[in-house]
Amino acid sequence: MTDKTPKIDVRVSEIVEVTPLIKRFRFEPLGAAVLPTFSGGAHVVVEMPDGAVLRRNPYSLMSSPQETASYTISVRRDDAGRGGSLFLHNAVREGTQLRISHPVNLFPLDQRGRKHLLFAGGIGITPFLAMMAQLTQEGRAFELHYAVRSDVHGAYLQQLASTYGQRVHVYRDDQGEAIGLNRLLSTQPLGTHLYVCGPGGMIDWVLSTARGLGWPEQAIHSEQFLAPASGRPYAVTLAQSGRTAEVGPHQSMLEAIEAAGVDAPYMCRGGACGQCETRVLACDGTLLHNDHYLSAEEKASGAKVMPCVSRFEGRSLVLDL
């Protein structure tokens, strides 16, 4: 998508404090009876006019795909973040009007799976709520393993227990509980597909363990939206448009390009999808690749960059935009 891609105007119809750090937001459409359909694992990009800054952040849809009268997301407040979660927690009220993208799914359920094994950590539970609703509707086998800091900080624990019973397994850090990952991954029936969403360390642990046990790549699925890194300010020359984007210390390269009036492509804005991949025409300095899309060889070549999360240090950078 780009800035010119059709968006959806919505009203915040409900805000609920789920835990001391997480709030749930319900969006209802303005001027339309229903919202576009989506599948479990999908996300939307929420546009947030925060003073002079237009923030665009991706959030997983957690409501049932059967429900198109509204969308629901949950947002964890990050006091040390770049401002998107703080804007939603502090500035948005019931009745606030926002704009969102159409749903995009980079983390879909694989319909070939005979069983679906879900691993969530913290706020990573959100896409799985929609996935489990879809799996239940379709009569498919699944189980969830959910790691939380404590009962107080575990989002939707009662809802999960009452809705899914023994298919949900919760592990509390403050009680010393841990997922028995090797045992779980070693005892799954043939045709099981694995999904993981949560902190980077958890994702790496689950993926590396599965690969070490011989799980095929096509049966392993993960999602992690990376936050753009902060750093020293720099300038980017945009060759096609003849403009210069000034990137601030807490601004992504993509945000600066958009602020310069250039309509750059994007989809996840979190270094995962590859939609914003851009050719580097000249680089006198060092590209700081923060995505998990480009291969190590592509990063080393210096020929491409993902401006949604990557940065630059040096004298000059010219992009094919």
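Mentor: Strand β7, helix α2 (residues 126-138) and strand β8 together make a right-handed β-α-β unit, where right-handed means that, with the strands pointing away from the viewer, the path from the first strand over the helix to the second runs clockwise. The helices (H or I, at least four residues) and strands (E, at least two) are DSSP runs, numbered from the N terminus. The model is a predicted one, in which local features need pLDDT of at least 70 and side-chain atom pairs count only at pLDDT 80 or more, while totals for chains, interfaces and linings use all residues. Residues are numbered from 1 along each chain as its sequence is written, and side-chain values use heavy atoms, with hydrogens and water left out.

Within the unit, β7 and β8 pair in the parallel sense over seven bridges, two strands being paired if DSSP finds at least two bridges between them; glycine 121 of β7 has alanine 147 as its bridge partner in β8. β7 also pairs with strand β10 (residues 192-197), again in the parallel sense, over six bridges, and there the bridge partner of lysine 115 is threonine 192.

Strand β7 (residues 115-121) is largely enclosed by the rest of the structure, because seven of its seven residues are buried, that is, under 20% relative accessible area, with exposed meaning over 50% and partly exposed in between (1.4 Å probe, protein chains only). Both of its faces are covered, with Lys115, Leu117, Phe119 and Gly121 buried on one side and His116, Leu118 and Ala120 buried on the other.

From the end of the unit we can turn to a side-chain contact. Arginine 172 and aspartate 151 meet through their side chains in a salt bridge (2.5 Å, N to O), a term for a side-chain nitrogen of Lys or Arg within 4 Å of a carboxyl oxygen of Asp or Glu. Aspartate 151 lies in the loop between β8 (141-148) and α3 (157-164), and arginine 172 in strand β9 (residues 168-172), so the pair ties together parts that are 21 residues apart in sequence. Arginine 172 is buried, at 19% relative accessible area, whereas aspartate 151, at 43% relative accessibility, counts as partly exposed.

Elsewhere, Lys7, Glu47, Arg56, Glu258 and Arg269 are linked in a network of salt bridges.
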